[in-house]
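Colleague: Could you walk me through this model and tell me what stands behind the labels you use?

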Amino acid sequence: MGDGASSSGGGVAEGGETVIVDHGRRRSSCGYCRSTSHSCISHGLWAYSITVDDYQELLDRGWRRSGCFLYKPEMERTCCPSYTIRLKVEDFSPSKEQARVQKKMQRFLDGTLDVKKPEQVKLTQDSSKSRCMHADASPTTVPNAPVSESSSSSSSDKISSADPYLHYLEKKIDDALSTPALLAEFPIIQVPKAIVKRVTSQAKRKISNVTEDLLYTSNISFQVAAALRRSLLTEDDGQSGLSRSSASQHGNLINFSPNTVAEKLAVFINGQGDIHGLSIKACSGHLNFYSTTKLPGTDFLSSEACAHSDGKRVNPKRSCMSGGGIGQHHKRRRLEIRMKRSSFDPEEFALYRRYQIKVHNDKPEKVSESSYRRFLVDTPLVFVPPISGNETVPHCGLGSFHQQYLIDGKLVAVGVVDILPRCLSSKYLFWDPEFSFLSLGKYSALQEINWVKEAGIHCPGLQYYYLGYYIHSCSKMRYKAAYHPSELLCPLRYK
(Lines give C-alpha, C1' and ligand atoms only; values in the text may rest on other atoms or scores of the structure.)
Protein backbone atom coordinates (compact mmCIF):
# COMPACT_ATOMS: atom_id res chain seq x y z
CA MET A 1 0.00 0.00 0.00
CA GLY A 2 3.06 2.24 0.08
CA ASP A 3 2.56 3.12 -3.59
CA GLY A 4 -0.35 5.40 -2.81
CA ALA A 5 -3.19 3.06 -3.84
CA SER A 6 -6.41 3.68 -1.93
CA SER A 7 -9.28 1.33 -1.22
CA SER A 8 -11.63 4.32 -1.23
CA GLY A 9 -10.67 5.39 -4.72
CA GLY A 10 -9.12 8.63 -3.55
CA GLY A 11 -5.45 7.88 -4.21
CA VAL A 12 -3.56 8.29 -7.44
CA ALA A 13 -0.85 5.79 -8.28
CA GLU A 14 1.42 5.65 -11.28
CA GLY A 15 2.28 2.00 -10.69
CA GLY A 16 0.98 0.03 -7.74
CA GLU A 17 0.82 -3.58 -6.72
CA THR A 18 -1.85 -6.17 -6.06
CA VAL A 19 -2.45 -7.11 -2.41
CA ILE A 20 -5.18 -9.67 -1.70
CA VAL A 21 -6.31 -12.07 1.03
CA ASP A 22 -7.78 -15.47 0.11
CA HIS A 23 -11.17 -16.12 1.69
CA GLY A 24 -11.54 -19.59 0.17
CA ARG A 25 -14.79 -21.31 -0.76
CA ARG A 26 -18.03 -19.67 0.33
CA ARG A 27 -21.54 -21.12 0.53
CA SER A 28 -24.68 -19.03 0.88
CA SER A 29 -28.29 -18.71 -0.13
CA CYS A 30 -28.76 -17.71 -3.77
CA GLY A 31 -30.03 -14.31 -4.80
CA TYR A 32 -30.91 -15.53 -8.30
CA CYS A 33 -33.04 -18.64 -7.71
CA ARG A 34 -33.95 -17.65 -4.14
CA SER A 35 -32.60 -20.91 -2.78
CA THR A 36 -32.19 -20.95 1.00
CA SER A 37 -30.17 -24.17 1.11
CA HIS A 38 -26.75 -22.50 0.74
CA SER A 39 -26.53 -23.81 -2.81
CA CYS A 40 -24.63 -20.78 -4.13
CA ILE A 41 -20.92 -21.69 -4.10
CA SER A 42 -18.09 -19.34 -5.01
CA HIS A 43 -14.47 -18.60 -4.19
CA GLY A 44 -13.70 -15.24 -2.56
CA LEU A 45 -10.79 -12.80 -2.31
CA TRP A 46 -10.47 -9.56 -0.38
CA ALA A 47 -8.45 -7.00 -2.32
CA TYR A 48 -6.60 -4.23 -0.52
CA SER A 49 -5.28 -3.03 -3.86
CA ILE A 50 -5.20 -4.44 -7.36
CA THR A 51 -3.72 -3.12 -10.58
CA VAL A 52 -5.96 -2.60 -13.58
CA ASP A 53 -3.91 -5.14 -15.55
CA ASP A 54 -4.34 -7.80 -12.89
CA TYR A 55 -8.08 -7.14 -12.59
CA GLN A 56 -8.44 -7.35 -16.38
CA GLU A 57 -6.81 -10.79 -16.27
CA LEU A 58 -9.11 -11.85 -13.41
CA LEU A 59 -12.18 -10.74 -15.39
CA ASP A 60 -11.05 -12.99 -18.20
CA ARG A 61 -10.83 -15.87 -15.71
CA GLY A 62 -14.43 -15.46 -14.55
CA TRP A 63 -13.96 -13.15 -11.54
CA ARG A 64 -15.97 -10.02 -10.66
CA ARG A 65 -15.89 -7.55 -7.81
CA SER A 66 -18.43 -6.11 -5.36
CA GLY A 67 -16.69 -3.21 -3.68
CA CYS A 68 -13.32 -4.60 -2.56
CA PHE A 69 -14.55 -8.21 -2.48
CA LEU A 70 -13.72 -10.39 -5.51
CA TYR A 71 -15.60 -13.61 -6.19
CA LYS A 72 -15.77 -16.36 -8.77
CA PRO A 73 -18.64 -18.88 -8.98
CA GLU A 74 -17.68 -22.57 -8.88
CA MET A 75 -19.47 -23.44 -12.08
CA GLU A 76 -19.73 -27.20 -11.56
CA ARG A 77 -21.16 -26.86 -8.03
CA THR A 78 -23.13 -23.61 -7.79
CA CYS A 79 -26.88 -23.64 -8.37
CA CYS A 80 -26.88 -20.80 -10.92
CA PRO A 81 -23.81 -20.88 -13.22
CA SER A 82 -22.67 -17.36 -14.07
CA TYR A 83 -20.86 -16.76 -17.36
CA THR A 84 -18.78 -13.67 -18.00
CA ILE A 85 -20.37 -11.91 -20.98
CA ARG A 86 -18.73 -9.30 -23.19
CA LEU A 87 -19.42 -7.47 -26.43
CA LYS A 88 -16.92 -6.40 -29.05
CA VAL A 89 -18.23 -2.91 -29.66
CA GLU A 90 -17.21 -2.63 -33.32
CA ASP A 91 -19.47 -5.62 -34.07
CA PHE A 92 -22.45 -4.29 -32.10
CA SER A 93 -25.70 -4.06 -34.03
CA PRO A 94 -28.52 -2.29 -32.12
CA SER A 95 -31.93 -3.92 -32.22
CA LYS A 96 -35.12 -2.10 -33.17
CA GLU A 97 -36.06 -1.84 -29.50
CA GLN A 98 -32.68 -0.30 -28.63
CA ALA A 99 -33.05 2.16 -31.50
CA ARG A 100 -36.49 3.12 -30.17
CA VAL A 101 -34.99 3.85 -26.75
CA GLN A 102 -32.50 6.25 -28.31
CA LYS A 103 -35.20 7.95 -30.38
CA LYS A 104 -37.45 8.32 -27.33
CA MET A 105 -34.65 10.05 -25.42
CA GLN A 106 -34.03 12.36 -28.38
CA ARG A 107 -37.73 13.26 -28.56
CA PHE A 108 -37.70 13.96 -24.83
CA LEU A 109 -34.68 16.24 -25.20
CA ASP A 110 -36.31 17.98 -28.19
CA GLY A 111 -39.47 18.52 -26.13
CA THR A 112 -41.72 16.57 -28.49
CA LEU A 113 -42.25 13.49 -26.30
CA ASP A 114 -45.62 13.55 -24.55
CA VAL A 115 -45.18 12.27 -21.01
CA LYS A 116 -47.21 12.25 -17.84
CA LYS A 117 -46.28 14.15 -14.74
CA PRO A 118 -43.68 12.31 -12.64
CA GLU A 119 -46.17 11.35 -9.93
CA GLN A 120 -48.38 9.69 -12.55
CA VAL A 121 -45.66 7.48 -13.97
CA LYS A 122 -46.06 3.89 -12.83
CA LEU A 123 -42.96 1.79 -12.32
CA THR A 124 -42.90 -1.81 -13.51
CA GLN A 125 -40.54 -4.70 -12.86
CA ASP A 126 -39.17 -6.00 -16.15
CA SER A 127 -35.49 -6.78 -15.98
CA SER A 128 -35.54 -8.90 -19.09
CA LYS A 129 -35.99 -5.74 -21.16
CA SER A 130 -34.05 -3.14 -19.25
CA ARG A 131 -30.58 -3.01 -17.81
CA CYS A 132 -31.04 -1.60 -14.33
CA MET A 133 -28.65 -3.71 -12.29
CA HIS A 134 -25.66 -5.81 -13.21
CA ALA A 135 -24.51 -9.19 -12.02
CA ASP A 136 -21.49 -7.70 -10.36
CA ALA A 137 -22.88 -7.69 -6.87
CA SER A 138 -22.22 -11.14 -5.55
CA PRO A 139 -25.34 -13.31 -5.19
CA THR A 140 -23.80 -14.60 -2.01
CA THR A 141 -23.70 -12.74 1.28
CA VAL A 142 -20.27 -11.21 1.01
CA PRO A 143 -18.70 -8.94 3.61
CA ASN A 144 -19.60 -5.27 3.25
CA ALA A 145 -21.75 -5.80 0.15
CA PRO A 146 -25.53 -6.07 -0.11
CA VAL A 147 -27.26 -9.00 -1.78
CA SER A 148 -28.72 -7.29 -4.83
CA GLU A 149 -28.70 -9.27 -8.03
CA SER A 150 -31.78 -11.39 -7.43
CA SER A 151 -33.81 -9.20 -9.72
CA SER A 152 -33.60 -6.19 -11.96
CA SER A 153 -36.07 -3.42 -12.32
CA SER A 154 -36.84 -1.47 -15.36
CA SER A 155 -38.71 1.53 -16.34
CA SER A 156 -42.22 1.52 -17.67
CA ASP A 157 -41.91 2.02 -21.43
CA LYS A 158 -45.68 2.37 -21.94
CA ILE A 159 -47.28 5.63 -20.90
CA SER A 160 -50.83 6.39 -21.93
CA SER A 161 -51.31 9.41 -24.11
CA ALA A 162 -52.84 12.50 -22.59
CA ASP A 163 -55.14 12.87 -25.63
CA PRO A 164 -58.56 11.48 -24.56
CA TYR A 165 -59.61 10.99 -28.20
CA LEU A 166 -57.09 8.18 -28.62
CA HIS A 167 -58.59 6.24 -25.74
CA TYR A 168 -62.10 6.95 -27.05
CA LEU A 169 -61.33 5.65 -30.55
CA GLU A 170 -59.45 2.61 -29.21
CA LYS A 171 -62.50 1.77 -27.11
CA LYS A 172 -64.77 2.09 -30.16
CA ILE A 173 -62.61 -0.37 -32.12
CA ASP A 174 -62.39 -2.80 -29.19
CA ASP A 175 -66.17 -2.67 -28.71
CA ALA A 176 -66.72 -3.30 -32.42
CA LEU A 177 -64.44 -6.35 -32.42
CA SER A 178 -66.32 -7.72 -29.41
CA THR A 179 -69.75 -7.59 -31.05
CA PRO A 180 -71.31 -10.91 -32.16
CA ALA A 181 -71.49 -9.71 -35.77
CA LEU A 182 -67.73 -9.17 -36.11
CA LEU A 183 -66.84 -12.12 -33.88
CA ALA A 184 -68.61 -14.25 -36.44
CA GLU A 185 -66.56 -12.61 -39.19
CA PHE A 186 -63.30 -12.84 -37.22
CA PRO A 187 -63.39 -16.03 -35.08
CA ILE A 188 -60.41 -15.25 -32.87
CA ILE A 189 -59.86 -16.79 -29.45
CA GLN A 190 -58.07 -13.72 -28.10
CA VAL A 191 -58.99 -10.42 -29.74
CA PRO A 192 -56.02 -7.98 -29.82
CA LYS A 193 -56.34 -4.57 -28.23
CA ALA A 194 -56.49 -1.62 -30.59
CA ILE A 195 -53.87 1.13 -30.57
CA VAL A 196 -54.73 4.45 -32.20
CA LYS A 197 -52.06 7.03 -32.97
CA ARG A 198 -52.32 10.68 -33.90
CA VAL A 199 -50.95 11.48 -37.38
CA THR A 200 -48.50 14.35 -37.02
CA SER A 201 -47.87 16.98 -39.66
CA GLN A 202 -44.34 15.60 -40.10
CA ALA A 203 -45.73 12.14 -40.87
CA LYS A 204 -48.17 13.57 -43.41
CA ARG A 205 -45.34 15.20 -45.33
CA LYS A 206 -43.55 11.85 -45.62
CA ILE A 207 -46.59 10.01 -46.99
CA SER A 208 -47.88 10.70 -50.47
CA ASN A 209 -51.57 11.17 -51.25
CA VAL A 210 -52.49 12.04 -47.66
CA THR A 211 -54.99 14.83 -47.08
CA GLU A 212 -54.66 17.33 -44.27
CA ASP A 213 -57.87 16.14 -42.62
CA LEU A 214 -56.31 12.78 -41.66
CA LEU A 215 -56.09 12.91 -37.86
CA TYR A 216 -55.72 9.38 -36.47
CA THR A 217 -54.76 5.92 -37.67
CA SER A 218 -54.68 2.37 -36.33
CA ASN A 219 -52.99 -0.82 -37.52
CA ILE A 220 -55.43 -3.09 -35.69
CA SER A 221 -56.32 -4.81 -38.98
CA PHE A 222 -52.82 -6.23 -39.31
CA GLN A 223 -53.06 -7.62 -35.77
CA VAL A 224 -56.47 -9.18 -36.43
CA ALA A 225 -55.28 -10.74 -39.70
CA ALA A 226 -52.22 -12.19 -37.96
CA ALA A 227 -54.38 -13.52 -35.12
CA LEU A 228 -56.68 -15.20 -37.65
CA ARG A 229 -53.71 -16.96 -39.26
CA ARG A 230 -52.34 -18.03 -35.88
CA SER A 231 -55.75 -19.33 -34.90
CA LEU A 232 -55.90 -21.43 -38.05
CA LEU A 233 -52.35 -22.74 -37.63
CA THR A 234 -53.03 -23.67 -34.00
CA GLU A 235 -56.12 -25.54 -35.07
CA ASP A 236 -54.20 -27.34 -37.80
CA ASP A 237 -51.43 -28.38 -35.38
CA GLY A 238 -53.94 -30.27 -33.31
CA GLN A 239 -54.99 -32.42 -36.28
CA SER A 240 -53.05 -34.99 -38.27
CA GLY A 241 -54.36 -33.40 -41.43
CA LEU A 242 -57.24 -31.37 -42.79
CA SER A 243 -59.82 -32.88 -45.06
CA ARG A 244 -60.75 -31.17 -48.31
CA SER A 245 -64.04 -29.97 -46.81
CA SER A 246 -62.32 -28.74 -43.66
CA ALA A 247 -59.75 -26.85 -45.69
CA SER A 248 -62.46 -25.17 -47.72
CA GLN A 249 -64.23 -24.11 -44.53
CA HIS A 250 -61.07 -22.34 -43.42
CA GLY A 251 -60.20 -20.93 -46.81
CA ASN A 252 -61.89 -17.63 -46.12
CA LEU A 253 -59.71 -17.17 -43.01
CA ILE A 254 -56.53 -17.66 -44.99
CA ASN A 255 -57.61 -15.06 -47.53
CA PHE A 256 -58.38 -12.42 -44.90
CA SER A 257 -55.90 -9.64 -45.62
CA PRO A 258 -55.43 -6.58 -43.38
CA ASN A 259 -57.18 -4.51 -46.03
CA THR A 260 -60.24 -6.78 -45.95
CA VAL A 261 -60.35 -6.58 -42.16
CA ALA A 262 -59.96 -2.78 -42.23
CA GLU A 263 -62.79 -2.41 -44.76
CA LYS A 264 -65.17 -4.53 -42.66
CA LEU A 265 -64.27 -2.58 -39.51
CA ALA A 266 -64.73 0.79 -41.24
CA VAL A 267 -68.16 -0.19 -42.57
CA PHE A 268 -69.26 -1.50 -39.17
CA ILE A 269 -68.05 1.48 -37.08
CA ASN A 270 -69.39 4.02 -39.59
CA GLY A 271 -72.70 2.19 -39.40
CA GLN A 272 -72.87 2.83 -35.68
CA GLY A 273 -73.15 6.56 -36.46
CA ASP A 274 -72.08 7.83 -33.02
CA ILE A 275 -68.63 9.29 -33.80
CA HIS A 276 -69.44 12.89 -34.60
CA GLY A 277 -67.13 14.90 -36.81
CA LEU A 278 -65.12 11.90 -38.04
CA SER A 279 -65.26 9.64 -41.04
CA ILE A 280 -63.53 6.27 -41.05
CA LYS A 281 -61.89 4.75 -44.12
CA ALA A 282 -59.73 1.71 -44.84
CA CYS A 283 -56.44 2.51 -46.58
CA SER A 284 -53.79 -0.14 -47.35
CA GLY A 285 -54.82 -2.15 -44.31
CA HIS A 286 -54.87 0.83 -41.95
CA LEU A 287 -57.99 2.17 -40.28
CA ASN A 288 -57.84 5.93 -40.82
CA PHE A 289 -59.93 8.62 -39.09
CA TYR A 290 -60.58 11.84 -41.03
CA SER A 291 -62.01 15.10 -39.73
CA THR A 292 -65.25 16.36 -41.29
CA THR A 293 -65.09 19.72 -39.47
CA LYS A 294 -63.12 22.91 -40.09
CA LEU A 295 -61.22 22.69 -36.80
CA PRO A 296 -59.69 19.23 -36.69
CA GLY A 297 -58.46 17.97 -33.36
CA THR A 298 -60.46 20.36 -31.15
CA ASP A 299 -64.25 19.99 -31.13
CA PHE A 300 -65.14 17.26 -33.61
CA LEU A 301 -66.01 14.60 -31.04
CA SER A 302 -69.11 14.21 -28.98
CA SER A 303 -69.06 14.91 -25.26
CA GLU A 304 -68.63 11.18 -24.69
CA ALA A 305 -65.13 11.42 -26.14
CA CYS A 306 -64.10 13.99 -23.56
CA ALA A 307 -64.37 11.52 -20.70
CA HIS A 308 -61.86 8.86 -19.70
CA SER A 309 -62.85 5.34 -18.80
CA ASP A 310 -62.92 6.35 -15.11
CA GLY A 311 -65.63 8.90 -15.85
CA LYS A 312 -63.50 11.99 -15.25
CA ARG A 313 -64.10 14.72 -17.80
CA VAL A 314 -61.24 16.57 -19.39
CA ASN A 315 -60.86 19.73 -21.40
CA PRO A 316 -60.36 18.60 -25.03
CA LYS A 317 -58.49 21.76 -26.08
CA ARG A 318 -56.09 21.47 -23.13
CA SER A 319 -55.47 17.80 -23.89
CA CYS A 320 -54.65 18.54 -27.50
CA MET A 321 -52.10 21.12 -26.44
CA SER A 322 -50.43 18.69 -24.04
CA GLY A 323 -50.38 16.13 -26.80
CA GLY A 324 -48.31 18.33 -29.07
CA GLY A 325 -50.86 20.22 -31.17
CA ILE A 326 -50.07 22.71 -33.90
CA GLY A 327 -48.47 25.88 -32.59
CA GLN A 328 -47.26 24.37 -29.32
CA HIS A 329 -43.86 25.62 -28.17
CA HIS A 330 -41.46 22.76 -27.42
CA LYS A 331 -38.90 23.35 -24.70
CA ARG A 332 -35.59 21.70 -25.47
CA ARG A 333 -33.68 19.94 -22.71
CA ARG A 334 -29.94 19.46 -22.30
CA LEU A 335 -28.37 16.09 -21.53
CA GLU A 336 -24.88 16.05 -20.06
CA ILE A 337 -22.82 12.90 -19.39
CA ARG A 338 -19.85 13.21 -17.03
CA MET A 339 -17.19 10.63 -16.17
CA LYS A 340 -15.77 11.18 -12.67
CA ARG A 341 -13.49 9.21 -10.36
CA SER A 342 -15.22 6.91 -7.87
CA SER A 343 -15.81 8.95 -4.70
CA PHE A 344 -18.64 9.67 -2.31
CA ASP A 345 -21.10 12.27 -3.57
CA PRO A 346 -24.09 13.22 -1.35
CA GLU A 347 -26.26 13.90 -4.41
CA GLU A 348 -25.46 10.47 -5.85
CA PHE A 349 -26.23 8.79 -2.52
CA ALA A 350 -29.59 10.58 -2.30
CA LEU A 351 -30.45 9.33 -5.79
CA TYR A 352 -29.27 5.78 -4.93
CA ARG A 353 -31.38 5.77 -1.77
CA ARG A 354 -34.48 6.92 -3.64
CA TYR A 355 -33.90 4.31 -6.35
CA GLN A 356 -33.45 1.40 -3.91
CA ILE A 357 -36.52 2.32 -1.87
CA LYS A 358 -38.91 3.09 -4.74
CA VAL A 359 -37.77 0.60 -7.36
CA HIS A 360 -36.48 -2.32 -5.29
CA ASN A 361 -38.69 -1.76 -2.26
CA ASP A 362 -35.76 -1.74 0.15
CA LYS A 363 -36.53 -0.66 3.70
CA PRO A 364 -35.19 2.86 4.32
CA GLU A 365 -33.18 1.77 7.35
CA LYS A 366 -31.37 -0.80 5.20
CA VAL A 367 -30.13 1.79 2.69
CA SER A 368 -27.31 3.33 4.69
CA GLU A 369 -24.43 5.52 3.65
CA SER A 370 -21.90 2.97 4.90
CA SER A 371 -23.38 0.13 2.83
CA TYR A 372 -23.49 2.40 -0.22
CA ARG A 373 -19.84 3.31 0.23
CA ARG A 374 -18.76 -0.32 0.58
CA PHE A 375 -20.82 -1.43 -2.41
CA LEU A 376 -20.37 1.31 -5.01
CA VAL A 377 -17.69 3.77 -3.85
CA ASP A 378 -14.88 1.72 -2.33
CA THR A 379 -12.62 0.18 -4.94
CA PRO A 380 -9.28 -1.65 -4.78
CA LEU A 381 -8.33 -0.62 -8.32
CA VAL A 382 -5.14 1.42 -8.53
CA PHE A 383 -5.88 4.51 -10.58
CA VAL A 384 -3.74 5.11 -13.66
CA PRO A 385 -3.82 8.76 -14.79
CA PRO A 386 -3.84 9.76 -18.47
CA ILE A 387 -0.40 10.14 -20.00
CA SER A 388 0.20 12.45 -22.92
CA GLY A 389 1.00 10.47 -26.07
CA ASN A 390 0.19 7.12 -24.39
CA GLU A 391 -2.26 5.15 -26.55
CA THR A 392 -3.01 2.60 -23.79
CA VAL A 393 -4.69 5.01 -21.36
CA PRO A 394 -7.87 6.96 -22.25
CA HIS A 395 -8.27 10.66 -21.46
CA CYS A 396 -10.00 9.94 -18.12
CA GLY A 397 -7.44 7.37 -16.98
CA LEU A 398 -7.91 3.76 -15.86
CA GLY A 399 -9.69 2.68 -12.68
CA SER A 400 -13.15 2.96 -11.12
CA PHE A 401 -15.57 5.69 -12.21
CA HIS A 402 -19.10 7.00 -11.81
CA GLN A 403 -20.71 8.08 -15.07
CA GLN A 404 -23.30 10.75 -14.29
CA TYR A 405 -26.32 11.57 -16.47
CA LEU A 406 -27.75 15.07 -15.97
CA ILE A 407 -30.80 16.57 -17.67
CA ASP A 408 -30.94 20.35 -17.38
CA GLY A 409 -28.47 20.10 -14.52
CA LYS A 410 -30.49 17.52 -12.55
CA LEU A 411 -28.81 14.19 -11.77
CA VAL A 412 -31.07 11.45 -13.19
CA ALA A 413 -28.79 8.38 -13.36
CA VAL A 414 -25.37 7.10 -12.32
CA GLY A 415 -23.52 4.21 -13.94
CA VAL A 416 -20.75 2.62 -11.85
CA VAL A 417 -18.04 1.30 -14.18
CA ASP A 418 -14.46 0.08 -14.22
CA ILE A 419 -12.26 1.21 -17.12
CA LEU A 420 -9.53 -1.32 -17.78
CA PRO A 421 -6.84 -1.78 -20.46
CA ARG A 422 -9.13 -3.75 -22.80
CA CYS A 423 -12.66 -2.88 -21.73
CA LEU A 424 -15.27 -0.89 -19.89
CA SER A 425 -16.77 -3.18 -17.26
CA SER A 426 -20.30 -2.16 -16.28
CA LYS A 427 -20.95 -2.76 -12.61
CA TYR A 428 -24.21 -1.10 -11.52
CA LEU A 429 -26.74 1.54 -12.50
CA PHE A 430 -29.23 3.50 -10.42
CA TRP A 431 -31.64 6.13 -11.73
CA ASP A 432 -34.34 8.58 -10.76
CA PRO A 433 -37.73 6.76 -10.60
CA GLU A 434 -39.41 9.89 -11.97
CA PHE A 435 -37.63 9.27 -15.29
CA SER A 436 -38.45 5.58 -15.57
CA PHE A 437 -40.32 6.19 -18.85
CA LEU A 438 -36.98 6.89 -20.58
CA SER A 439 -35.68 3.31 -20.10
CA LEU A 440 -32.47 4.66 -18.62
CA GLY A 441 -31.10 1.16 -18.08
CA LYS A 442 -31.06 0.45 -21.79
CA TYR A 443 -30.07 3.97 -22.72
CA SER A 444 -27.05 3.99 -20.40
CA ALA A 445 -25.86 0.64 -21.74
CA LEU A 446 -25.95 2.06 -25.27
CA GLN A 447 -24.03 5.12 -24.09
CA GLU A 448 -21.38 2.94 -22.43
CA ILE A 449 -20.99 0.96 -25.64
CA ASN A 450 -20.60 4.23 -27.54
CA TRP A 451 -18.02 5.43 -25.00
CA VAL A 452 -15.85 2.38 -25.72
CA LYS A 453 -16.16 3.01 -29.46
CA GLU A 454 -15.01 6.60 -29.11
CA ALA A 455 -12.24 5.81 -26.62
CA GLY A 456 -11.02 3.03 -28.92
CA ILE A 457 -10.13 5.59 -31.57
CA HIS A 458 -7.28 6.86 -29.39
CA CYS A 459 -6.71 3.63 -27.43
CA PRO A 460 -6.83 0.71 -29.90
CA GLY A 461 -6.62 -1.80 -27.05
CA LEU A 462 -10.03 -0.73 -25.71
CA GLN A 463 -12.38 -2.96 -27.68
CA TYR A 464 -14.85 -4.61 -25.32
CA TYR A 465 -17.89 -3.86 -23.20
CA TYR A 466 -18.31 -6.26 -20.25
CA LEU A 467 -21.87 -6.65 -18.96
CA GLY A 468 -21.11 -8.67 -15.83
CA TYR A 469 -22.53 -12.19 -15.63
CA TYR A 470 -24.99 -13.88 -17.97
CA ILE A 471 -27.13 -16.32 -15.97
CA HIS A 472 -29.28 -18.39 -18.31
CA SER A 473 -31.09 -20.16 -15.48
CA CYS A 474 -32.39 -16.79 -14.24
CA SER A 475 -34.90 -15.35 -16.70
CA LYS A 476 -34.45 -11.83 -15.32
CA MET A 477 -30.77 -11.85 -16.25
CA ARG A 478 -31.15 -12.97 -19.87
CA TYR A 479 -31.74 -9.42 -21.09
CA LYS A 480 -27.97 -9.08 -21.52
CA ALA A 481 -28.19 -11.33 -24.58
CA ALA A 482 -30.03 -8.46 -26.32
CA TYR A 483 -26.67 -6.71 -26.80
CA HIS A 484 -25.38 -8.84 -29.63
CA PRO A 485 -23.25 -10.38 -30.93
CA SER A 486 -21.90 -11.10 -27.43
CA GLU A 487 -19.39 -13.70 -26.25
CA LEU A 488 -19.53 -15.99 -23.20
CA LEU A 489 -16.33 -17.00 -21.42
CA CYS A 490 -15.68 -20.74 -21.47
CA PRO A 491 -15.23 -21.75 -17.79
CA LEU A 492 -12.88 -24.62 -18.75
CA ARG A 493 -10.49 -23.15 -21.31
CA TYR A 494 -11.01 -19.46 -20.46
CA LYS A 495 -11.46 -18.45 -24.07
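Predicted model: local features only at pLDDT ≥ 70, side-chain atom pairs only at ≥ 80, totals over all residues.

Colleague: What makes Tyr355 and Trp431 an edge-to-face pair?

Modeller: Rings of Phe, Tyr and Trp (its six-membered ring) pair if their centres lie within 6.5 Å; planes under 30 degrees apart are stacked, over 60 edge-to-face, and the rest tilted. Here the centres are 5.2 Å apart and the planes at 70°, so both tests are passed and the pair is edge-to-face. The structure holds 14 aromatic pairs.

Colleague: Why do you say that this pair ties together separate parts?

Modeller: Tyr355 lies in helix α10 (residues 346–359) and Trp431 in strand β13 (residues 423–431), so the pair joins parts 76 residues apart in sequence. Those elements are DSSP runs numbered from the N terminus: helices are H or I with at least four residues, strands E with at least two.

Colleague: How do you know that Trp431 is buried or exposed?

Modeller: Buried means under 20% relative accessible area, exposed over 50%, and partly exposed in between (1.4 Å probe, protein chains only). Trp431 has 1%, so it counts as buried. Tyr355 is buried as well, with 0%.

Colleague: Why is the pair of Phe375 and Tyr428 called edge-to-face?

Modeller: Their ring centres are 5.0 Å apart and the planes stand at 75°, so the label is edge-to-face. Phe375 sits in helix α11 (residues 369–377) and Tyr428 in strand β13, 53 residues apart. Both Phe375 and Tyr428 are buried.

Colleague: What makes you say that Arg86 sits over the ring of Tyr464?

Modeller: The rule asks for NZ of Lys or CZ of Arg within 6 Å of the ring centre and within 35 degrees of the ring normal. The charged end of Arg86 is 3.7 Å from the centre of the Tyr464 ring. Arg341 lies over the face of Phe383, at 3.8 Å from the ring centre.

Colleague: What is the largest nonpolar core made of?

Modeller: A nonpolar core is a set of buried Ala, Val, Leu, Ile, Met, Phe, Trp, Tyr and Cys residues joined through side-chain atoms within 4.5 Å. The largest has 38 residues, and Ile419, Trp451, Tyr465 and Tyr483 have the most contacts inside it. Helix α12 (440–458) is among the elements that supply at least two residues each, and α12 gives the most, with six. Apart from that core lies another, of 32 residues, including Met105 and Leu440.

Colleague: How do you know how α2 is oriented relative to α12?

Modeller: Axes are lines fitted to C-alpha atoms, for helices over the stretch in contact, with angles from 0 to 180 degrees between N-to-C directions. Under 35 degrees counts as roughly parallel, over 145 as roughly antiparallel, 65 to 115 as roughly perpendicular and the rest as oblique. The axes of α2 (residues 96–110) and α12 come within 10 Å and cross at roughly 100°, which makes α2 roughly perpendicular to α12.

Colleague: What makes the backbone at His38 stand out?

Modeller: Most residues other than glycine have a negative phi, and most peptide bonds are trans. Phi of His38 is near 55°, a positive value. His38 lies in the loop between β1 (19–28) and β2, and at 46% relative accessible area it is partly exposed. The peptide bond from His484 to Pro485 is cis, with omega near 5°.

Note on methods:
Residues numbered from 1 in each chain as written. Heavy atoms only, no water.
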